Structures are given as structure tokens and as C-alpha cells.
Amino acid sequence: MDLISELPESLLLSILSLLPAQDVASTMLLSKRWRFLWTSVPRLEYDDSYQSIEYGRFSRFVDRFLFLHEAPVIETLHFKLGKTCGGEDIRVWIRAADKFCVRELIFEIDSSSNDSPPILLPSSLYTGCRMLVTLKLNKVILEDTSSSIAFPSLKTLSLVSVEYPGDEFVSSLLSSCPVLEDLHVEQRPYDNVTIFTVRVPSLKSLVLSIIMGKGFSVIDGFVIDTPSLEWLDIVDYRNAFCIIENDMPKIMTARFDVNYKHPGEILRYITSVKRLYLCLLLTSENVYPSGSIFYCLVHLKICTCMTKWLNLLMCMLRDSPKLKSLKLEQCHILQAWRPCWKEPNSVPECLLSSLEALEWVGYEGTEEEKEVVAFILRSANCLEKVSICSNSTDPCKKLELVKELLFLSRCSSTCNFIFD
């Protein structure tokens, strides 16, 4: 008995939505029950590399599939395309996206080979998909346009390895998204953008990262004005810059893994953050402007790969009076030089009244690290859990580290210690 065919139609359509469109179409041969079911699938994924199909056949299949499709609304229209894709096909499929009031449109170009050139998306994309809620573009070229751009319903935008007409186009694109909430940008070299400006009042989540390579200059960077932002994530090793124009009073989580000369100019605008990850290249003792207090910070993670991470740590402990959780982790290759430890004259308020958990990943047992652990254990009145993990594979060294930590742990008899 065909048990699957007895399932409700809504469930069958959900199952078919998980399959490539070529497999979806073949289900019409299963039985009379399945003959027209494929024409109502709400999520369609077309992959021109599927079973090494010849591109001409793939293009005709997509056109016929969309022509016969009967769903009033397509929730997701996903194209996985190779370098042989034609521009006219793209125009036809964008018109189909408008016809079916597509909510999520994805153009994903094969990036497995550097020889695969980006594909030009026509300007009709900017005016013909007014019902889009999500737009994801990967390794495409955006065509310049003289007409106005309009994405009145767009809430999620992903731009990965995209080539733009220029700086002004980026500003125009983002300003045409009045309800945009989530923006993910991975900038690549030679994308025709010098300063990537993000001015979106409605934005709640922003992820900016750089695909490294030749083609960036010292004048490249980001400008951010997002007063409603709740999540900010920046990864940038270009030795460039990032300018934040106004405070972010609603920020909840922030992550900075950057190689900026003045990273403190970012931190001064996010003092209301609750969760913070920092890996910063510090060139001076001034981590951020004096007087900056992180009143809401509860969870802090600091990367220990940079020389002045100890200075950063002590500044953050001093200016985070409500900190509850501290994690130290060597996330990148450790620099050859060692940090300088200087015990502060006074104990930070968070150690006296709020810090409950300490986790250290990549602990090597240097003199500086032992002094930091000893200081925290002596000073933290509320500490409940300490977890320390070493990267060492030498069992003798690990045993020695455990003995040293056990000795230090006597400073705080109420802690639950975990050594790995």
C-alpha cells in the first residue's frame, strides 16, 4: 500500500519542497494522486548542475515548470547556476518571480571555481519583485539603473561576493528597503565599492565581513547608521576603518574581529550591549574613550591572540559593573610576543559583586596567565564555575598545569572547577 500517498496534501507539499525541482517534477509519474501535485509546490530549487544536465535542457525545463505551476504564491524560488547561465534566462525568471509573488528569491552562482565569472542581474530585479521579503545574492553583478529601486516588503537581504555599480548604488539600494531588518554583506575585492554605507533606520541585524584578497585600499571601509540595531557582527582584517555615526541604544549582541587602528571608536557607540565578543588589534593603551561604561554587559568573550589583550581585558572588567560571564579564548594564531600583565590598584566592581563564571580556552600556563587567573580567583566574590582548557597535547605539561590550577583554586573554595 502506498502509505505516503495517504498523507494530507499540505504535508506532501512540504516534503516535495525539500527536493530539487527535477525530482519534484518526476513525482507526477508515481500515481494519479501525484499527477498534478507538483504544480502546487511552494518552494522550488533549480540546480543546473543536477545530474550534469546540459544547460539548454535545464533552461527549457525551468521555463516549462514555471509556466505550468499553479500556486498563487511561491514562498521560495532558489536558483543554483553555473557560468553558462544566460542573461535572457535571468530576465524571464525574474518576471516569473513577480508573477508568482515570490517571497524569497535566491540567486546562487557556483563559486567552486575562481574561473566562474559573476552573472549580471538585470535592473528589472529592482522594480519587478515588490512582494519579496527575502533576497539572497551570491557572486552576481548588479546592473546599474536609472529608474528608482523599490523593495517595499524586503526584510532580509544577503549580498555575498556581489559586484556593484558603485558607492551611490549601494546607498540607493539600501534606502529603497524601508522595512529591512536583516542585512548580511560579504564584500570581495574589486566590487567597485570604496565606502560601504549602511544607513537603515529599521535594521535590527547587521553582519559585515571581508573576503580577503588583493584589490582593497586603505580608504576602503564601512559607515554605519542603524539606530534600531540589536545584533552587530564585523569581521575585517583589511586595516581599514569603520565609522559608526550614532549610538545604538537597542544593541544586544556585538562581535568584532577586526584589524582597525582605532577600534575604540566603535565600542563607544555600543555601551548598552549585553553580549560582546572582541578580537581587536590594539596599537595603544587607550582601548576606547575614557568614561565609556558598559552598564548592561553580562557576557564577555575576548580573544587572547593579540599582544594587548590583557589591557583590553582589564579595561572591560573595570567598565562592566554587571558582568556575569567571562570567556577567554585563543581563536587565532598566537603572536610571538607575550602580553604584559600589571595588577590593577583596585578590584573591578564586577569581580566583587556579579561575576559568576570564568571559562578559558587555550590556556598555556604562562606567568602572565597564571597571574590573571590568581587575581580573578582572589577577587571574585560570586564566582561559581571555572572551566579551563589547555591546547597542549603533552600529558606531562597538562598534569603540571592541573597542579598549578589546583593550587590557585584554593583561593576560592566555593567554585566548581573543571580542568581539561
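Author: Buried means under 20% relative accessible area, exposed over 50%, and partly exposed in between, using a 1.4 Å probe and protein chains only. This is a predicted model: local features need pLDDT of at least 70, side-chain atom pairs count only at pLDDT 80 or more, and totals for chains, interfaces and linings use all residues. Residues are numbered from 1 along each chain as its sequence is written, and side-chain values use heavy atoms, with hydrogens and water left out.

Reader: Good. Is N192 buried, exposed or partly exposed, and why?

Author: N192 is partly exposed, because its relative accessible area is 45%. N192 sits in the loop between β8 (182-187) and β9 (195-199). Strands here are DSSP E runs of at least two residues, helices are H or I runs of at least four, and both are numbered from the N terminus.

Reader: What about the phi of N192?

Author: Positive, about 70°, although N192 is not a glycine. Most residues other than glycine have a negative phi.

Reader: Where is K139, and what is its phi?

Author: K139 lies in the loop between β5 (134-138) and β6 (140-142). K139 also has a positive phi, about 60°, and is not a glycine. K139 has a relative accessible area of 12%, so it is buried.

Reader: New topic. Which strand holds L157?

Author: Strand β7, residues 156-160. L157 counts as buried because its relative accessibility is 1%.

Reader: Which residues does L157 touch?

Author: Leaving out residues up to four places away in sequence, L157 touches L135, L173, L174, L180, D182, L183 and H184. Contact means heavy atoms within 4.5 Å. H184 is 27 residues from L157 along the chain, and their C-alpha atoms are 6.4 Å apart.

Reader: Now helices. At what angle do α3 and α4 pack?

Author: About 20°, with the axes of α3 (residues 55-68) and α4 (residues 87-99) 11 Å apart. So α3 runs roughly parallel to α4, a label for angles under 35 degrees. Axes are lines fitted to C-alpha atoms, for helices over the stretch in contact, and angles run from 0 to 180 degrees between N-to-C directions.

Reader: Which residues meet there?

Author: From α3, Y55, F58, S59, V62, D63 and L66. From α4, D89, V92, W93 and A96. By class, this contact has seven nonpolar, one polar and two charged residues.

Reader: And the whole protein: how many helices and strands?

Author: It has 11 helices and 20 strands. Of its 420 residues, 50% count as buried.

Key:
Angles under 35 degrees count as roughly parallel, over 145 as roughly antiparallel, 65 to 115 as roughly perpendicular and the rest as oblique. Ala, Val, Leu, Ile, Met, Phe, Trp, Tyr, Cys and Pro count as nonpolar, Asp, Glu, Lys and Arg as charged, and the others, Gly among them, as polar.
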